[in-house]
Amino acid sequence: MKKTVSFSKDSINVFFHILTSCNLKCRHCYINPEQHGRNTLGLSTIEAWLGAFAENGAATNIIFLGGEPTLHPDLSLAIKKAKELGYGSITVDTNGYLFNDILSKVKPEEVDYFSFSLDGATRQTNNMIRGEGSYDRCIAGIREAISRGFTTSLIYTVSRDNIHELDMMVPLLKDLKIDRFFIQVIGIRGKPAKSGQTQINRKGLQVSRSEWLSIIPDVAEKVAGLGITVTYPKVFLSLEEPFECAGLVAENYFIFPNGRVYRCPLCEDFPLHSMIFKNNRLVKTEKINESDLFELSIPEGCVMNKIIQPENLSYKSNGTPEYKIACCLLKEEIR
Ligand code: SF4
Ligand code: SF4
């Protein structure tokens, strides 16, 4: 059954980047060390920050990310702390290298999902985007996790470089026995937004509305037909569909090791965070910050989209938009 996952303040998602270093150098990496820090958080800081978001217990989902979070020698202890604090679900997003023997240090009862990133159905396409050797390591990591009884997801970030292989993921997901499949859309932030990327290059990465609508829903249906839960961003809204900004109507927090806490992923390349950890206490930042943008209403939908990636907008001859861009956090789910 397909449904749009409506925004809700009853379910809280905390995306916790415990470090920004990584063994890979993926082309589309959104990590921006100048804005997110280069430090690796110590365990006591991780525990304190986990505590700051644990108030609503089972209503809160924690996702550990990096960089590559398994490079953190204390990830297993952070997971155990999150479990002890009563988080509703615990996910680890990984590139598949599974450093520090992480699968031996945690139990399937302690981690709800190991979520693996793969950006091509073939070795050639994935490695072109994510680096030599990354395909084989990711596939091996998935098989190892499943053999040890862990539940797995797979994340595929769609761009012009790999959209042609999305359909080929259907048999691969079946073979791997993946439980959930997340299709993401490439964002022009982090590395893709760096100077030197011309407007033409940026447009060359982004998928057009017609490509997205002709390929993504169809592949998602096929994957769901295998019994795998599929989630993908809505991205494009017709002019009649209602637009909502998650910053106003949902509870998502993106924590970085320099202490910044954002509510909107598209703001992460700028010092627009609405909160920051100071001496392990979460405090609001002064204006102007991302919260001031959430209130703005424009006919194109998401304000931040128009600011950072206007290439995906299209206008009629009278200057009005042909469609709106949804909040990047608005998802369709098929199960
Ligand atoms: S694995 Fe993730 S953090 Fe590492 S380079 Fe790739 S996208 Fe960036
Ligand atoms: S992506 Fe756009 S709509 Fe979503 S939270 Fe950010 S500013 Fe709001």
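**Burial, helix faces and ligand shells in a predicted model**

Q: Does Asp-101 count as buried or exposed?
A: This is a predicted model. Asp-101 has 9 C-beta neighbours inside 10 Å, so it counts as exposed.

Q: What is the phi of Asp-101 near?
A: Asp-101 sits in the loop between strand 4 (89-94) and helix 4 (102-105). Its phi is positive, and the residue is not a glycine. The value is near 50°.

Q: In which loop is Asn-280, a residue with positive phi, found?
A: Asn-280 is not a glycine, yet its phi is about 65°. With 13 other C-beta atoms within 10 Å, Asn-280 is partly exposed. Its loop is the one between strand 12 and strand 13.

Q: How many helices and strands are there in the protein chain, and what share of its residues is buried?
A: The chain has twelve helices and 15 strands. It holds 335 residues. The buried share is 40%.

Q: What percentage of the contacts with a separation of 6 or more joins residues 24 or more positions apart?
A: Two residues are in contact if their C-beta atoms lie within 7 Å. Take the contacts in the chain with a separation of 6 or more. Residues 24 or more positions apart account for 73%.

Q: What arc do the buried residues of helix 2 cover around the axis?
A: Helix 2 runs over residues 43-52, and Ile-46, Trp-49 and Leu-50 are buried in it. They lie on the same side of helix 2, because the arc they cover is only 105°.

Q: How far apart are the end C-alpha atoms of helix 9?
A: Helix 9 covers residues 209-224, which is 16 residues. At 1.5 Å a residue, it should span 22 Å. The model agrees, with its end C-alpha atoms apart by 22 Å.

Q: Which residues on the other side of helix 9 from its buried ones are exposed?
A: Trp-212, Ile-216, Val-219, Ala-220 and Val-223 are buried in helix 9. They line one face of the helix, because they fall within an arc of 105° seen down the axis. On the other side, the exposed residues are Ser-210, Ser-214, Asp-218 and Glu-221.

Q: Which elements take up the buried residues of helix 9 by packing against them?
A: One partner is helix 7 (169-176). The others are strand 7 (180-185), strand 8 (229-233), strand 9 (236-237) and strand 15 (331-334).

Q: How do the residues of the shell around ligand 1 divide?
A: Ligand 1 is surrounded by residues including Cys-22, Cys-26 and Cys-29. Also in the shell are Lys-25, Glu-68 and Asn-95, among others. The division is five nonpolar, three polar and two charged.

Q: What is omega near for the peptide bond from Gly-66 to Gly-67?
A: Both glycines are among the residues around ligand 1. Gly-67 is in the loop between strand 3 and helix 3. The bond is cis, with omega near 20°.

Q: Which helix gives the largest share of the shell around ligand 2?
A: Of 14 residues around ligand 2, Cys-245, Cys-264, Cys-302, Met-304 and Cys-327 come nearest. Helix 10 (246-249), helix 11 (290-294) and helix 12 (303-308) each give two or more residues to the shell. The largest share, three residues, comes from helix 12.

Q: How many residues of the shell around ligand 2 are charged?
A: Twelve residues of this shell are nonpolar. Two are polar. The charged count is none.

Methods: Residues are numbered from 1 along each chain as its sequence is written. Chains are lettered from A and ligands numbered from 1 in the order in which they are written. This is a predicted model: local features need pLDDT of at least 70, side-chain atom pairs count only at pLDDT 80 or more; totals for chains, interfaces and linings use all residues. A residue is buried if 20 or more other C-beta atoms lie within 10 Å of its own, exposed if 12 or fewer, and partly exposed in between; C-beta atoms are placed from the backbone. Helices (H or I, at least four residues) and strands (E, at least two) are DSSP runs, numbered from the N terminus. The arc is that of the directions from the helix axis to the C-beta atoms. A residue is near a molecule or strand if its C-beta atom, placed from the backbone, lies within 6 Å of it. Ala, Val, Leu, Ile, Met, Phe, Trp, Tyr, Cys and Pro count as nonpolar, Asp, Glu, Lys and Arg as charged, and the others, Gly among them, as polar. The expected span of a helix is 1.5 Å times one less than its number of residues.
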